[in-house]
2 protein chains.
Amino acid sequence: MTLLRDEGLTTDRPAGPAGLTDEELAVWRMLQRAQVHITRHLEAELLVAHGLPLASYDVLTQLAEAPDRRLRMNDLAGRVLLSRSGLTRLIDRLQRDGLVAREACASDARGLFAVLTDRGAARLTEATPTYLRGIRSEFLDLLGPGEIRLVREMLAKLPITAAP
Amino acid sequence: MTLLRDEGLTTDRPAGPAGLTDEELAVWRMLQRAQVHITRHLEAELLVAHGLPLASYDVLTQLAEAPDRRLRMNDLAGRVLLSRSGLTRLIDRLQRDGLVAREACASDARGLFAVLTDRGAARLTEATPTYLRGIRSEFLDLLGPGEIRLVREMLAKLPITAAP
DNA sequence: CTTAGAACGTTGCACGGACACCTAAACAGC
DNA sequence: GCTGTTTAGGTGTCCGTGCAACGTTCTAAG
């Protein structure tokens, strides 16, 4: 952080209005790295063990938890942090593999449901232990239970309401 | 988490060996969402204000902090969580824009340094306030100082050593 | 009823990144 | 010295994603 410090943009103690302390900056960077690290590990494991990218796993999960195993495309896009176009292609792939199906919406002819098929549900069931084990070993095991509760409280403050 | 619960993979209280409590799972998901949210915000702001993608900003920062403003390609790739090929193209772009230069390594003819140019340093200086402001408003402001210290301690436990 | 506008999903395009493979250089052992 | 192995970096190719534009359908104003 030498250069930043040189310009007075980071400081040791008093964090100015725009400046950050070195600790604050370090926390942010560590968070970034940790997130990337865990995500990659998860993605790799899911891929080799079940041929399922993380994004696909997320979609299947969202559908499984939705009433009637179905969700409108737009709705789903918001939940998996994906643009609508991105979701379109992803659903294309999942449909090709028979894990989800598209169904028209009765009340709105514009709308489409993405529906989890039985094969999709089976695949999800098969992959979930891998996913959970990954989260546990890469993340939860490294924190105490008290810390987890604390993180939860902190995260609850962030406005993670909806996607842009 | 209905489906997961149905399969006994998540529980209310006692977290089994592979199973997770709903709270643990929720924490992980919130963390994911928060990280994506913040990252996108940052990327968008840097892009519109300074035409600088987040990855490029990271590279410039790493170079600025490195001794002599230079780093070996391989070394740099590890620090910015990028594959070597990915870094090659990114440096290509940055070089095209005159923000970094490539320099041969005297002691090892295979090696190349990525060197921050004056233009690159200027661009970084110009963009950094935006970056820091983003971290502050999207992240730090929503946490107390005590919490930041706590997060730091937690993150310190994670083995974020090196990239695969 | 007609029409302007918004909302839903898809498509063309370009970009950024990873993987596998390649060349050149350094190093190991004999 | 010569040869096999390892390391540094770059290239060919493919995949996934976002943005902008498009067609279709719903909704509201007149």
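Reply: Happy to! A polar contact here is a pair of N or O atoms within 3.5 Å, where within protein one atom must be able to donate a hydrogen and the other to accept it. Please keep in mind that this is a predicted model. With that rule, 10 residue pairs are in polar contact across the interface of chain B and chain A, counting pairs in which both residues have pLDDT 80 or more.

Let's stay on the chain B side for a moment. The helices that each supply at least two residues to the side touching chain A are α1 (2–6), α2 (22–50), α3 (54–65), α4, α6 (118–138) and α7 (145–157) of chain B. Of these, α2(B) gives the most, with 19 residues. By residue class, this side of chain B divides into 38 nonpolar, 12 polar and 15 charged.

Now for both partners together. Chain B brings 65 residues to the contact and chain A brings 66 residues. Between them the two chains bury about 6,700 Å², and 66% of that is on carbon and sulfur atoms. Three residues stand out on the chain B side: B:W28, B:R33 and B:L81 supply 11% of the area that chain B buries against chain A, more than any other three residues.

Charged pairs take part as well, with a count of eight salt bridges between chain B and chain A. B:E65 forms a salt bridge with A:R29, and the closest N and O atoms of that pair are 2.9 Å apart.

DNA strand D is surrounded by 20 residues, the closest being A:S83, B:N74, B:R89, B:R102 and B:R110.

The one that gives the most is α5(A), with four residues.

On the base side, a polar side-chain atom of A:S85 lies 2.9 Å from a base nitrogen of DNA strand D. On the phosphate side, an N or O atom in the side chain of B:R72 is 3.2 Å from a phosphate oxygen of DNA strand D. B:L112 uses its backbone instead, with an N or O atom 3.1 Å from a phosphate oxygen of DNA strand D.

Terms used
Residues numbered from 1 in each chain as written. Chains lettered and ligands numbered in written order. Predicted model: local features only at pLDDT ≥ 70, side-chain atom pairs only at ≥ 80, totals over all residues. Heavy atoms only, no water. Near = heavy atom within 4 Å. Contact = heavy atoms within 4.5 Å. Buried area = accessible area lost by both parts, 1.4 Å probe. Salt bridge = Lys/Arg side-chain N within 4 Å of Asp/Glu carboxyl O. Nonpolar A, V, L, I, M, F, W, Y, C, P; charged D, E, K, R; others polar.
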